[in-house]
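Dear colleague,

Please find below the structure that I am handing over to you, together with its sequence.

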Amino acid sequence: MAAEAHSEGASEPQRTSRRFPQLTRDTARPEGGGRAASGDYPAPARQWPLLTVLGGVGLGLLLVSLDAFRIGSIVIGLSLLGGAVLRWALPSVGMLAVRSRFTDLITYGGLGFVIVILAMMVQPKPWIHIPFLDDIVHFTVR
């Protein structure tokens with residue numbers, strides 16, 4: 001009788017163990033990892049959110065190489081913050097989706113924020129001054 005059920009169209013054999021398989025055959029796409037545009041468009045148009053973030057980071061790196069370190073670093077940080085906004089606002093962002101939506105938001109937003117703050121604190125002539133960081137540096141250096 002079991003052979004008849006299998007031959008009637010059962011598509012997959014039942015797993016007999018709860019252990020993970022030795023060989024991974026595929027991976028799950030992250031939430032929101034679908035194409036940002038339909039499949040009729042060329043590949044760059046389907047991945048425009050990722051290309052936007054990479055373009056901003058590339059512009060920031062170009063500015064850093066042209067001796068505008070502070071402005072270039074801020075552009076890099078703002079690009080990552082823009083990636084977090086795109087990940088939050090759009091239902092599908094293509095390859096910009098790496099992990100879950102929450103993890104991507106925390107990662108892109110956190111790194112972008114830290115890069116912008118550190119770029120504004122860089123010496124000489126910092127744009128912002130955070131007093132408790134001076135105390136931390138003095139405590140750890142002495």
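Helix packing angles are quoted here between N-to-C directions and run from 0 to 180 degrees, with each axis being a line fitted to C-alpha atoms over the stretch in contact. Please bear in mind throughout that this is a predicted model.

To begin with the overall fold, the protein chain contains 6 helices and 0 strands. Read from the N terminus, its elements follow the order α-α-α-α-α-α. Of the 142 residues in the protein chain, 25% are buried. Where contacts join residues at least 6 apart in sequence, 56% of them link residues at least 24 apart.

The UniProt record, an unreviewed entry, places the feature "transmembrane region" at residues 48-65, 71-90 and 102-122. In the model, residues 71-90 are 95% helix and 0% strand, with 28 Å between the end C-alpha atoms. Residues 102-122 are likewise 95% helix and 0% strand, and their end C-alpha atoms lie 30 Å apart.

Turning to helix packing, α3 and α4 meet at an angle of about 170°, and their axes are 7 Å apart. Angles over 145 degrees count as roughly antiparallel, and α3 and α4 are therefore roughly antiparallel to each other. On the α3 side, the residues making the contact include W48, P49, V53, G56 and V57, while α4 contributes F69, I71, G72, S73 and V75, among others. Classified by residue type, this contact of α3 with α4 comprises 13 nonpolar, 6 polar and no charged residues.

The largest nonpolar core consists of 9 residues, namely L50, V53, L80, A84, L86, V93, L96, A97 and Y108. Both α3 (48-65) and α4 (69-89) supply at least two residues of this core, and α4 gives the most, with 3 residues.

Apart from its neighbours within four places in sequence, L96 is in contact with P49, L50, V53, G83, L86, R87, D104 and Y108. A97 lies in the loop between α4 and α5 (101-121). Is A97 buried or exposed? Its relative accessibility is 8%, so A97 counts as buried, the cut-off for burial being under 20%. A97 and L50 are 47 residues apart along the chain, and their C-alpha atoms are separated by 8.7 Å.

With kind regards

Notes
Residues are numbered from 1 along each chain as its sequence is written. This is a predicted model: local features need pLDDT of at least 70, side-chain atom pairs count only at pLDDT 80 or more; totals for chains, interfaces and linings use all residues. Side-chain values use heavy atoms; hydrogens and water are left out. A nonpolar core is a set of buried Ala, Val, Leu, Ile, Met, Phe, Trp, Tyr and Cys residues joined through side-chain atoms within 4.5 Å. Buried means under 20% relative accessible area, exposed over 50%, partly exposed in between (1.4 Å probe, protein chains only). Helices (H or I, at least four residues) and strands (E, at least two) are DSSP runs, numbered from the N terminus. Contact means heavy atoms within 4.5 Å. UniProt positions are given in the numbering used here, feature names are shortened, and annotations may be inferred rather than shown by experiment. Angles under 35 degrees count as roughly parallel, over 145 as roughly antiparallel, 65 to 115 as roughly perpendicular and the rest as oblique. Ala, Val, Leu, Ile, Met, Phe, Trp, Tyr, Cys and Pro count as nonpolar, Asp, Glu, Lys and Arg as charged, and the others, Gly among them, as polar.
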